[in-house]
Amino acid sequence: MSTHASDPLAALGSLPGVAEAVDSVRKAVDRVYGHRVMRRRSNEISSEAALRGARGSAALSGADWALEEVRRRTDFSGDPEARAVGAALRLGAEAGQLLSIWRQSPLRVLARLHLVAAGDPGDSVGRPRLDGETVDEPLLEGPVPTPAEVAGRLDGLAELIVAGGEAPALVTAAVVHGELLALRPFTSYNGLVARAAERIVLVGSGLDPKAICPAEVGHAEQGRAAYLAAFEGYLSGTPDGVGGWIAHCGRSVGLGVRESTAVCEALQRGAA
C-alpha cells in the first residue's frame, strides 16, 4: 500500500468488493472485444452502444423512453423529457471528441459537456454555478454543496485526473461519476454530465477504447432505486458505502457489455 500513499484513487482498490468488481469488468470487456463480429463491424457496435447508452442515461434523468422512440425521434425541443433525451444523445456524440483533452484539462471538458447538454448559451451554461444560482435537478435529492465547496472539490478531482496514477479505470470512472452527482456543479443536467464523464474515463483509459460497453445501460437496467441507494453509499464516505458504489458501477459496465454482446450476436445472425 505504500506505493499508493499519494494516489488516493488507487488506494480505493482495497475497499470491500472493489477488487472483485474490477476483475469481473475486465473479463467481461475482454470477452465482448473478442467477439468475432467486433473484428468486422465494431463501428456499428459503437454507434448502437452510444444510442442505447443515451437512452439509459436519459431514463435515469426521468425520460424513460423506449429505444425505438429514441431512434425514431428527430425533434427533441419539446417538453423536459424530450430535452433530456436530446441532451443525452448530444453528450454521447460529443464525448468521443473530448478524450484527448480530458487528461490535460478535465474541468474544460466538464464545462463543454454542460454546454452541449443544455444546448443553449445561457448565462449559467458551461460553467460551475455561482452564489445565488439554484440547481434544477429534481431527481437528485439531498443538500447541494456551496459554489465554494464545489470549486475546491472540482479542483481536487481535476488534480487527481491530471496526475494519473495506478487506479483501475473502473475506480476512477466511479469516483468521477459519484463526485459530480454529489457536487451538482452546474445549474442543470448534472446527472447526464456525470454519466458522460464516466464514459469518457472508461474509454480514454483504454478499458473500452471503442466505446462499446455503455455503463449507462446497466445503471438504467438496475433501476433508479438501486442507483440512488448506491449513490447514498458513496455520499456516506464509509468504506462499505464507497466500495458498494464502485461495485454498482462495475455491475453497470457488465450489463452494458451484455447489451453489446447481444447486438453482436444479432448482427451475426443477420437480424440487425
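**Entry 1: largest pocket**

I looked up the largest pocket and found a lining of 20 residues, with Ser61, Ala84, Asp136, Pro138 and Tyr189 nearest its centre. I am working from a predicted model. I noted a volume of about 380 Å³ for the largest pocket.

Which helices each supply at least two residues of this lining? I found α5 (80–95), α10 (190–204) and α12 (224–236). The largest share comes from α5, with four residues. I then sorted the lining by class: 10 nonpolar, four polar and six charged residues.

**Entry 2: second largest pocket**

I moved on to the second largest pocket, which has a volume of about 270 Å³. Two or more lining residues come from each of α6 (99–102), α8 (147–163), α9 (169–183) and α10. I counted 18 lining residues here, and Arg103, Ile161, Thr172, Val201 and Ser205 lie nearest the centre. Helix α10 gives the most to this lining, with three residues. By class I have 10 nonpolar, five polar and three charged residues.

I searched the whole structure for salt bridges and got 16.

Aspartate 23 pairs with lysine 27, and their closest N and O atoms are 3.1 Å apart. Aspartate 23 is partly exposed at 39% relative accessibility. Lysine 27 is also partly exposed, with a relative accessible area of 46%.

The other pair is aspartate 30 with arginine 26, with closest N and O atoms 3.0 Å apart. I have aspartate 30 as partly exposed at 44%. Arginine 26 is partly exposed at 34%.

**Entry 3: a pair between helices**

I next took arginine 199 and glutamate 216, which form a salt bridge with closest N and O atoms 3.0 Å apart. This pair links distant parts of the chain: arginine 199 is in α10 and glutamate 216 in α11 (residues 215–222), 17 residues apart.

Is arginine 199 buried or exposed? I found it buried, with a relative accessible area of 11%. Glutamate 216 is buried as well, at 6%. The cut-off for buried is under 20%, so both residues qualify.

Technical notes:
Residues numbered from 1 in each chain as written. Predicted model: local features only at pLDDT ≥ 70, side-chain atom pairs only at ≥ 80, totals over all residues. Heavy atoms only, no water. 1 Å grid on protein atoms, 1.4 Å probe; cavity = no way out; pocket = protein on both sides within 12 Å on 5 of 7 lines; lining within 4 Å. Points joined across faces, edges and corners; volume = space filled by probe spheres on them. Nonpolar A, V, L, I, M, F, W, Y, C, P; charged D, E, K, R; others polar. Salt bridge = Lys/Arg side-chain N within 4 Å of Asp/Glu carboxyl O. Buried < 20%, exposed > 50% of the residue type's maximum accessible area, 1.4 Å probe, protein only.
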